2 protein chains.
Amino acid sequence: MKNKNFTEVCLTQEVVFEGKVIRVQKDTVLLPNGQESTREVVHHPGAVAVAALKDDELIMVRQYRYALGKETLEIPAGKIDPGEEPQACAIRELREETGYQGELKFLGRFNTSPGFADEVIHIYLATNLVWAPLKPDEDEFIGIKAIPLDKAVEMVYKGEFQDAKTALGILLADRNKKSN
Amino acid sequence: MKNKNFTEVCLTQEVVFEGKVIRVQKDTVLLPNGQESTREVVHHPGAVAVAALKDDELIMVRQYRYALGKETLEIPAGKIDPGEEPQACAIRELREETGYQGELKFLGRFNTSPGFADEVIHIYLATNLVWAPLKPDEDEFIGIKAIPLDKAVEMVYKGEFQDAKTALGILLADRNKKSN
């Protein structure tokens, strides 16, 4: 079946919400069987996340996530600005959120919610960190916590992190370290 | 800084889109520094994903993802129905998408996009698969591909999968297998 064409063809598009961060569309599509259906799509500018290692400790950020109604402990991350390259965004976000700048290595890019959103997150490893702080966004309030990488990996397996990109970023950083 | 209170308090809520799958809100919040800001939030019913192993091969699904405009190869996954338990959803989705039923083990739950969505995905391992097909959703068209687990792990590290829950589910399934 793998060569079967599953493409859904857009028939109509309607922008139902245009926000600061996301744009939401409700489209009508033609299915492979000739029937019609609707698709709700969230357009997002994309994001980066950085597994930043200082002396084998991950520099993590604690912040309030309004969408979840709780504080989380995550690897530093943020949205890509218009026209910004993902790697430049990673350098900027790491400086804004942790104060550190480092040597970056690309670990992978992943869609976060392919069922309803086009958001892609670019994940980097940062090493050889030096202090080079940038002023954070005006509406961002962040605390820092350093966790040994080995302990963070165990925390992933125990389900102690809230979000998928943090879990995946930690496992990719660990693999990268062990394969060097 | 970890005990500092970063909570954002909801001041006003506005539902800007109510769809079949998602509900989008634009809220005004009070920040920790006393300023106001807006938050765009996508509410989602939640989802499951299943790393299903048959004779050390992962049963994966190929499908068109309209939000991405392309076909992807993912672990089986789907939205939770109203009132449905995540594990019951995992059993149903695996039967609908692959035809198999198996013994389930919970591997973890993760938010997919904590910056703008409340979607949570519950990831399971399925083993001892038996053939027990259910009719797929009317607007779902899916092909099946079996990939040896070791090869799938290498594909994760090479960046050959599109989405984060597939990459994470494969790494968690592999770890589970090796720790047994």
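Guide: Helices (H or I, at least four residues) and strands (E, at least two) are DSSP runs, numbered from the N terminus. By that rule chain A has three helices and ten strands, and their order from the N terminus is β-β-β-β-β-β-β-α-β-β-β-α-α. This is a predicted model, in which local features need pLDDT of at least 70 and side-chain atom pairs count only at pLDDT 80 or more, while totals for chains, interfaces and linings use all residues. Residues are numbered from 1 along each chain as its sequence is written, chains are lettered from A and ligands numbered from 1 in the order in which they are written, and side-chain values use heavy atoms, with hydrogens and water left out.

Visitor: What makes a residue of chain A count as buried, and what part of the chain do buried residues make up?

Guide: A residue is buried under 20% relative accessible area, exposed over 50% and partly exposed in between, with a 1.4 Å probe and protein chains only. Buried residues make up 56% of the 180 residues in chain A, whose C-alpha atoms fill a box of roughly 60 × 40 × 30 Å along the principal axes.

Visitor: Why is B:H44 called buried?

Guide: The relative accessibility of B:H44 is 11%, which is under 20%, so B:H44 counts as buried. B:H44 is found in the loop between β3 (36–43) and β4 (47–54) of chain B. With contact taken as heavy atoms within 4.5 Å, B:H44 touches A:F116, B:V21, B:I22, B:K79, B:D118 and B:E119, leaving aside residues up to four places away in sequence.

Visitor: And B:L171, is it buried or exposed?

Guide: B:L171 has a relative accessible area of 5%, and therefore it is buried by that same cut-off. B:L171 lies in helix α3 of chain B and touches A:L168, A:L171, B:V153, B:V156 and B:Y157, again not counting residues up to four places away in sequence.

Visitor: How do you know that A:R39 and B:D139 form a salt bridge?

Guide: The rule asks for a side-chain nitrogen of Lys or Arg within 4 Å of a carboxyl oxygen of Asp or Glu. For A:R39 and B:D139 the distance from N to O is 3.0 Å, so the pair meets the rule. Across the interface of chain B and chain A the rule finds four salt bridges.

Visitor: What does the interface between chain B and chain A bury?

Guide: Buried area is the accessible area (1.4 Å probe) that two parts lose on being put together, summed over both. Chain B and chain A bury about 6200 Å² between them, with 63% of it on carbon and sulfur atoms. In chain B, the residues that lose the most area to chain A are B:F6, B:Y66 and B:F141, together 13% of what that side buries. The contact takes 67 residues from chain B and 67 residues from chain A.
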